[in-house]
Amino acid sequence: MITGAIAVMTSGGDSPGMNAAARAVVRTALYEGVRVFGIQNGYKGMLADEIYELEARSVSDLIQRGGTFLGTARCKEFKTEEGRKLGLKNLQSHGIEGLVIIGGDGSLTGGALLSKMGGIPIVGLPGTIDNDVWGTDYTIGCDTAANTALDAINKLRDTASAHRRIIVVEVMGRNSGWLAMMSGIASGAEYIIVPEVKYDLDDICHEIVDDYKKGRRYTIIVVAEGACSGVGLKNVVQEKTGIDTRVSILGHIQRGGSPTMEDRIKASMLGERAALALISGVSNVVFGFDEGKVVSINLFDSVNNKKPLDPELVRLASVLK
């Protein structure tokens with residue numbers, strides 16, 4: 001059981017709700033009489049000893065803010081054994097006895113590597129807009145990002161209809177099509193292209209031409225960045241259909257913005273559970289959600305398995321297009 005101090009950090013790509021999760025970790029630990037340290041700029045800050053103590057007021061006025069007040073950065077040095085040894089040394093120099101890591105698959109993999117060295121318990125929280133962490137239905141920030149994409153697609157639909165255009169909307173998702181699939185279904189997009197599902201662009205273009213001949217005024221194609229380039233897709237579609245086609249790449253706007261109520265509440269629930277578990281001596285787990293309830297997932301299982309795209313979403317998209 002930890003009675004001294006724990007630390008919390010955010011790592012990898014930022015996602016709305018990270019602040020809510022970190023806030024819950026800090027205030028829960030303080031409520032339990034345990035000191036809390038924040039690590040600035042992820043693993044890079046751990047190696048640079050950018051570690052400072054937090055108080056309850058350190059996390060005031062944060063729950064409604066996107067991004068992460070702790071900062072985040074990529075760190076190649078942490079991938080080396082020497083880098084991880086330095087990080088562990090810096091943590092121990094502050095009397096830190098346990099660490100909460102909020103981030104996606106890469107960040108949690110870093111936590112697993114650090115845990116294998118021994119010396120400090122690790123608890124992970126899934127923070128990524130891609131919702132691609134194995135073992136959990138939900139990741140911090142995915143709801144806000146999906147709603148941001150949905151709002152953009154709704155607005156693009158208006159202008160597409162006015163000009164009888166095809167509009168290609170590229171959303172984030174290098175290896176996961178969850179964000180594209182959810183925003184595409186919710187917006188009523190005619191086509192959704194994701195890395196996990198094969199597609200025939202010739203068939204899509206033939207269908208679009210036939211639909212326009214029957215009176216369709218516009219077409220929305222949502223594509224995950226990992227499936228293909230939005231710009232490249234736009235060029236091919238326009239060439240094959242002869243219909244005015246435009247592309248909108250949503251980019252990093254999907255990472256920002258005030259978190260939705262779901263992301264604030266669920267991130268807070270996960271943050272509290274992480275702090276309590278770490279303090280009670282639990283290690284090498286990731287906390288997530290399964291059918292609306294907080295569950296624990298083995299850290300090593302989480303990072304060594306790939307989360308598939310829900311086949312029911314794929315089926316629904318094909319039925320409703």
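I begin with the surface: Asp 137, Asp 290, Glu 291 and Asp 310 together form a negative patch. A patch here joins residues with over 30% relative accessible area and no salt bridge, like charges within 9 Å and nonpolar side chains (Val, Leu, Ile, Met, Phe, Trp, Tyr) within 5 Å. A salt bridge is a side-chain nitrogen of Lys or Arg within 4 Å of a carboxyl oxygen of Asp or Glu.

The model is predicted: local features need pLDDT of at least 70, side-chain atom pairs count only at pLDDT 80 or more, and totals for chains, interfaces and linings use all residues. Residues are numbered from 1 along each chain as its sequence is written, and side-chain values use heavy atoms, with hydrogens and water left out.

Glu 291 counts as exposed because its relative accessibility is 73%; exposed means over 50%, buried under 20%, and partly exposed in between, with a 1.4 Å probe and protein chains only.

Val 231 belongs to helix 8 (residues 230-241), and counts as partly exposed because its relative accessibility is 38%.

As for the whole, the protein chain has eleven helices and eleven strands. Its radius of gyration is 22 Å, close to the 20 Å from the globule rule for 321 residues, so the chain is as compact as a globular protein of that length. That radius is taken over C-alpha atoms, and the rule is 2.2 Å times the number of residues to the power 0.38. Finally, 52% of the 321 residues are buried.

Notes. Accessible areas come from the Shrake-Rupley method with a 1.4 Å probe; for residues, only the protein chains shown count as cover. Lys and Arg count as positive and Asp and Glu as negative; His and the chain ends are not counted. The place of a charge is taken as NZ of Lys, CZ of Arg, CG of Asp or CD of Glu. Helices (H or I, at least four residues) and strands (E, at least two) are DSSP runs, numbered from the N terminus.
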